[in-house]
Amino acid sequence: MHETGIALEVFRSALESARAEAGQQVRLKSIRVSIGDRSAVDPNLLEHAWQSIVIGTRHDGAELKVKWCPSRRYCPSCHKTKDSSLGSWLPICPDCGDAIEIDGGLELDLDLVEFDVASPLTKRPNFSRTDHNKNV
Ligand SMILES: [Zn+2]
């Protein structure tokens, strides 16, 4: 369950961003992460790991929101985009059997951090585990 390590890293990054913005007395309210379907991260496990990190701390109740990012599967023979929720993980077109191109779905990004201070602020940190340029 490597989600625990990822949740810890996300937590540290979120806290770092919030503190850089508003000082040590911040309280995390919610964060949003983008997770790709090929990132090998289970969103449910990540949320459980997140809750186990924040519980009993001043950040207790802070919400982890997940933006699910499906990969794009394209068959150059059919000239069609294929539904990534159907079929197997084999990079083979379910219709013609040719190799398909898979793009994206590797996202693992901290998108948004919301926290409480005297005046609530929102910050977009620059935190990424994937080469985002390849996925855009
Ligand atoms: Zn095809």
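**Ground rules.** I number residues from 1 along each chain as its sequence is written. The model is predicted, so I read local features only at pLDDT of at least 70 and side-chain atom pairs only at pLDDT 80 or more, while totals for chains, interfaces and linings use all residues.

**Layout.** I took helices (H or I, at least four residues) and strands (E, at least two) as DSSP runs, numbered from the N terminus. I found two helices and eight strands in the chain. Along the sequence I read the pattern α-β-α-β-β-β-β-β-β-β. I called a residue buried if 20 or more other C-beta atoms lie within 10 Å of its own, exposed if 12 or fewer, and partly exposed in between, with C-beta atoms placed from the backbone. By that count, buried residues make up 23% of the 136 residues in the chain. For contacts I asked that the C-beta atoms of two residues, placed from the backbone, lie within 7 Å. Among contacts between residues at least 6 apart in sequence, 67% join residues at least 24 apart.

**Helix α1.** With 20 residues, α1 reaches 28 Å from first C-alpha to last, close to the 28 Å expected. I listed Ile6, Ala7, Val10, Phe11, Ala14, Ser17 and Ala18 as buried in α1. They cover an arc of only 135° around the axis, so they sit on the same side of α1; the arc is that of the directions from the helix axis to the C-beta atoms. The face turned away from this buried side carries the exposed residues Gly5, Arg12 and Ala20. After α1 comes Gly23, with a positive phi near 95°.

**Helix α2.** I repeated the check on α2, residues 43-54: its 12 residues should span 16 Å, and the end C-alpha atoms are 16 Å apart, which agrees. Leu46, Ala49 and Trp50 are buried in α2. Seen down the axis, the buried residues fall within an arc of 105° and therefore line one face of the helix. Asn44 and Ser52 are exposed on the other side of α2. I looked up what the buried residues of α2 pack against, and noted α1 (3-22) and β2 (63-69). Gly56 follows α2 and has a positive phi near 80°.

**Core.** I defined a nonpolar core as a set of buried Ala, Val, Leu, Ile, Met, Phe, Trp, Tyr and Cys residues joined through C-beta atoms within 7 Å. The largest such core has 20 residues, of which Ala7, Val10, Ala14, Leu28 and Ile31 touch the most other members. Two or more residues each come from α1, β1 (27-36), α2 and β6 (108-116). The largest share, six residues, is from α1. In soluble globular proteins, nonpolar side chains tend to be buried together.

**Strand pairing.** I counted two strands as paired if DSSP finds at least two bridges between them. β1 pairs with β6 in the antiparallel sense over eight bridges, and I found Val33 opposite Leu110 of β6. β1 also pairs with β2, in the parallel sense over seven bridges. The bridge partner of Arg32 in β2 is Lys65. From β1 the chain crosses through α2 to β2, and this β-α-β crossover is right-handed (with the strands pointing away from the viewer, the path from the first strand over the helix to the second runs clockwise).

**Trp68.** I located Trp68 in strand β2. Trp68 counts as exposed because it has 11 C-beta neighbours inside 10 Å. Not counting residues up to four places away in sequence, Trp68 touches Ile35 and Pro43. I also noted that Trp68 and Leu108, 40 residues apart in sequence, are 9.8 Å apart in space, C-alpha to C-alpha.

**Positive phi outside glycine.** I noted Ala40, with phi near 65°, in the loop between β1 and α2. Ala40 is exposed, with 12 other C-beta atoms within 10 Å. I also noted His79, with phi near 55°, in the loop between β3 (72-75) and β4 (80-82). His79 is exposed, with 7 other C-beta atoms within 10 Å.

Notes. The expected span of a helix is 1.5 Å times one less than its number of residues.
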